[in-house]
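This briefing sets out the arrangement of the chains, the contacts between them and the fold within a chain. Please read it alongside the sequence and the structure shown here.

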Amino acid sequence: MFREMLENVREKRPLIHNITNYVTANDCANMLLACGASPIMADDEQEAADITGICDGLTINLGTLSSRKLRAMHLAGKRANALSHPVILDPVGVGASCWRREAALGLLEEVKCTVIRGNASEIKALALGRGGAAGVDADLADEITPQNLEKMTAFAKAFAEKTGAVVAVTGAIDIVADSRTAYRIRNGHPMMSAVTGAGCQLSALTAAFVAANPDRPLEAAAAAVCAMGLAGEIAFGRLSPQDGNGTYRNYLIDAIYRMTPQTLEKGADYEVR
Amino acid sequence: MFREMLENVREKRPLIHNITNYVTANDCANMLLACGASPIMADDEQEAADITGICDGLTINLGTLSSRKLRAMHLAGKRANALSHPVILDPVGVGASCWRREAALGLLEEVKCTVIRGNASEIKALALGRGGAAGVDADLADEITPQNLEKMTAFAKAFAEKTGAVVAVTGAIDIVADSRTAYRIRNGHPMMSAVTGAGCQLSALTAAFVAANPDRPLEAAAAAVCAMGLAGEIAFGRLSPQDGNGTYRNYLIDAIYRMTPQTLEKGADYEVR
Amino acid sequence: MFREMLENVREKRPLIHNITNYVTANDCANMLLACGASPIMADDEQEAADITGICDGLTINLGTLSSRKLRAMHLAGKRANALSHPVILDPVGVGASCWRREAALGLLEEVKCTVIRGNASEIKALALGRGGAAGVDADLADEITPQNLEKMTAFAKAFAEKTGAVVAVTGAIDIVADSRTAYRIRNGHPMMSAVTGAGCQLSALTAAFVAANPDRPLEAAAAAVCAMGLAGEIAFGRLSPQDGNGTYRNYLIDAIYRMTPQTLEKGADYEVR
């Protein structure tokens, strides 16, 4: 199934509008090109909605957020909603400041997101919302582990139910869930956490997969997460003893560029719950 | 002849002021260092003109444009004109929004450009004053082909005549023209389109070549286009079966770093019309 | 001694807040990850102080400065001071415009810096309160040489005395000094000057070393300078005849990623005066 998802990306070559941070924008653009999609980065409120209008999908990434970019995100998000284009929200560092959390919550209220992708602590910070709605959610872990997997799966499904979005919680184990079904994915390599923006790149990749498979956002997001994890494994296999995260960063992008639909189908390591 | 152009860059080491996008700024800076020039990136209106004043050339690149940067572009462009320093305009994605097109047309009115470099759809959007570009990449229907080469050559010369600038239209075949003479260049490799900002890097490189050869902007721009295309060929020759656009991006910069004037002279593949 | 400094970085994994330029932000983030620290880039005044509050150290880098970022720098710097967190100031291109020099001098007045790191012309421009830098690269006449080494050492100590900061003047020879003691470091390779932002990366690395060794800022800064220079040597040793500054950039980061405390201890080449 994931085979077709990647085939569709390669065939349709979706154009993805990214309102994103300046730390990893270059890697996100090259990752989109690697999978067969096309990137456009534009973040000014005077053109954000127009740019979204000529694209097939939108990534909203909260890294290096500014008030100016936040306005553009609202305008672009609403235009994408009006056009029924997929919107991927990456709430980078959402727990790091009150302002960023308010910004993320405001976006969630105003823009219907197709996929929300972050690590466990980011998704948790987003789900806890204003005033930290304690209770069950309060003792959620910041990492997905074999021990908390069932609980985190239930949490992802519940947050998907609440938001209407596919929720992708990524880490050592990844969970991609809608309100009823969860993919639990074990692709990936620990060294990915030594590359800045591996998560941002995954969010951009997810936008490409969902834009090229618009009727199956859950499966498309799961396929993107498997592809990125598999790329992490392949890239690690190429490293020499002198190579570090600088070279690894390039090999991650290379691995997506060279990934065939067959490789993805065979290499994907997941279960459905 | 192109040999001397590169020799002059290496000898004079021009300092190039870039007001550019945050997606490819790092690659543009490393490309300038690779050819022997020095980069400075500064985009605030409070210092843009002063920075231009200590430099030898200016690149204005419309990627990730903002109102703030646009004001800096006007100030820097006017200072460069007053000092008779070369100005290279890269109208990234100019057809992607009305606002960006208006911004580009406003710059063309206020700032005398030495070279305008873009892909076919960007240059057409600029010349025709209306849309035509899909995102920042050349619309496939708007490529230079063997079939439309004469027509595109005439178009480039006419736009050069109108603007007083050297016009560089790049793609599978490149045309670099002033009102009377056109270089038609066949260096390059299709994989260059899988690297974000290969065009931005070429614009920065062009600024270095023109700044180091101020009396011959047409030949200098043509030499830069040949050098970039040749780098694309050399970089492709180095790729292993596992390498993709991540590694290719680095090899492009490496190829300019290692390029000798002799290699450029021998490898340049062009005709003059 | 430098061995322990790097061991502490790897063990404590300090979180570093960077208010920095968009040209080299990605490399700075990957360099921090390479040494074992974690990066956060955030530059909006609405969250800058909050972000600083959850971090262990702050880097203020003046590249691609804007009025908006400058306000964030003041807020973050004051918060870091209030929390006694180390602040590293990198006055990129401070001599290139009056506005940038005023901005740097204003920061020095309002924020107590733990380390100030720049090339000779930048540090001179800052110390003398007037021009001297050509672009963002060291003016050739302003390099540290064997001939001016004693004079430059005295200058660095005097500026350290005046500011209360450790002063790191980097170039072919590096000087890292407080008011009484100077490390003169001869690690490094000339090719480092062909990589944009090698200095920015060093400033980020210095923040990690100082944050992990808060009681010994002079030694920690000297260790970071040695580590970066040694990385430049190691990376150069890996280059093939076709490799240029594109590949070298990655190998620099790789070398820090792979550097053991033992390698640093053995490879550090310095004298104390």
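## Briefing on the predicted model

Chain C is superposed on chain A by a rotation of 120° with 0.0 Å of shift along its axis, at an RMSD of 0.1 Å. The two copies are therefore related as by a three-fold rotation axis. The model is a predicted one, and it scores ipTM 0.96 and pTM 0.96.

**Relation between the copies**

- In chain C, the C-alpha nearest the axis belongs to C:Tyr22, 3.3 Å from it.
- Chains C and A use different surfaces: 12% of the contact residues of chain C recur in chain A.

**Interface of chain A with chain B**

- Between these chains, 28 residues of chain A are in contact with 30 residues of chain B.
- On the side of chain A that touches chain B, at least two residues each come from α2 (25–35), β2 (38–41), α3 (48–54) and α10 (245–258) of chain A.
- The largest share of this side of chain A, 7 residues, is supplied by α10(A).
- Sorted by class, the side of chain A that touches chain B holds 16 nonpolar, 5 polar and 7 charged residues.

**Interface of chain C with chain A**

- Here 26 residues of chain C are in contact with 26 residues of chain A.
- The elements α2 (25–35), β2 (38–41), α3 (48–54) and α10 (245–258) of chain C each give at least two residues to the side of chain C that touches chain A.
- Of that side of chain C, α10(C) provides the largest share, 7 residues.
- By class, the side of chain C that touches chain A comprises 15 nonpolar, 4 polar and 7 charged residues.

**The sheet of chain A and its helices**

- Chain A has an open sheet of 9 strands in the order β2-β1-β3-β4-β5-β6-β7-β8-β9, with mixed pairing.
- Strands β2 and β9 (270–272) of chain A are the edge strands, each pairing on one side only.
- On average, neighbouring strands of this sheet are turned by 15° against each other, direction ignored.
- Strand β1 (residues 15–19) of chain A runs parallel to β2(A), and 4 bridges join the two; A:Ile16 has A:Pro39 of β2(A) as its bridge partner.
- Helix α7 (residues 149–163) of chain A packs on the sheet, where it touches β5 (115–119), β6 (166–170), β7 (174–177) and β8 (182–185) of chain A. The direction of α7 makes about 35° with that of β7(A).
- Helix α8 (residues 198–212) of chain A lies across β1, β3 (57–61), β4 (87–90), β5 and β6 of chain A, and runs at about 160° to β3(A).

**Strand β8 of chain B and its neighbours**

- Strand β7 (residues 174–177) of chain B runs antiparallel to β8(B), to which 4 bridges join it.
- β7(B) and β8(B) form a hairpin, with 4 residues between them.
- Within this pair, B:Val176 has B:Tyr183 of β8(B) as its bridge partner.
- β8(B) is also joined by 3 bridges to strand β9 (residues 270–272) of chain B, and these two run antiparallel; the bridge partner of B:Ile185 in β9(B) is B:Tyr270.
- In a regular strand, side chains alternate between the two faces of the sheet.
- Both faces of β8 (residues 182–185) of chain B are covered: B:Ala182 and B:Arg184 are buried on one side, and B:Tyr183 and B:Ile185 are buried on the other.

**Confidence**

- Chain A has a mean pLDDT of 95, and 96% of its residues reach 70 or more.
- The pLDDT is below 50 over residues 132–138 of chain A. Beyond near neighbours in sequence, this stretch has 4 contacts in the model.
- Where pLDDT is low, predicted coordinates should not be read in detail.

Note on methods:
Residues are numbered from 1 along each chain as its sequence is written. Chains are lettered from A and ligands numbered from 1 in the order in which they are written. This is a predicted model: local features need pLDDT of at least 70, side-chain atom pairs count only at pLDDT 80 or more; totals for chains, interfaces and linings use all residues. A residue is buried if 20 or more other C-beta atoms lie within 10 Å of its own, exposed if 12 or fewer, and partly exposed in between; C-beta atoms are placed from the backbone. Two strands pair if DSSP finds at least two bridges between them. Two residues are in contact if their C-beta atoms, placed from the backbone, lie within 7 Å. Ala, Val, Leu, Ile, Met, Phe, Trp, Tyr, Cys and Pro count as nonpolar, Asp, Glu, Lys and Arg as charged, and the others, Gly among them, as polar. Axes are lines fitted to C-alpha atoms, for helices over the stretch in contact, and angles run from 0 to 180 degrees between N-to-C directions. Copies are superposed by least squares on the C-alpha atoms of residues with pLDDT of at least 70 in both. pLDDT is the predictor's confidence in each residue, from 0 to 100.
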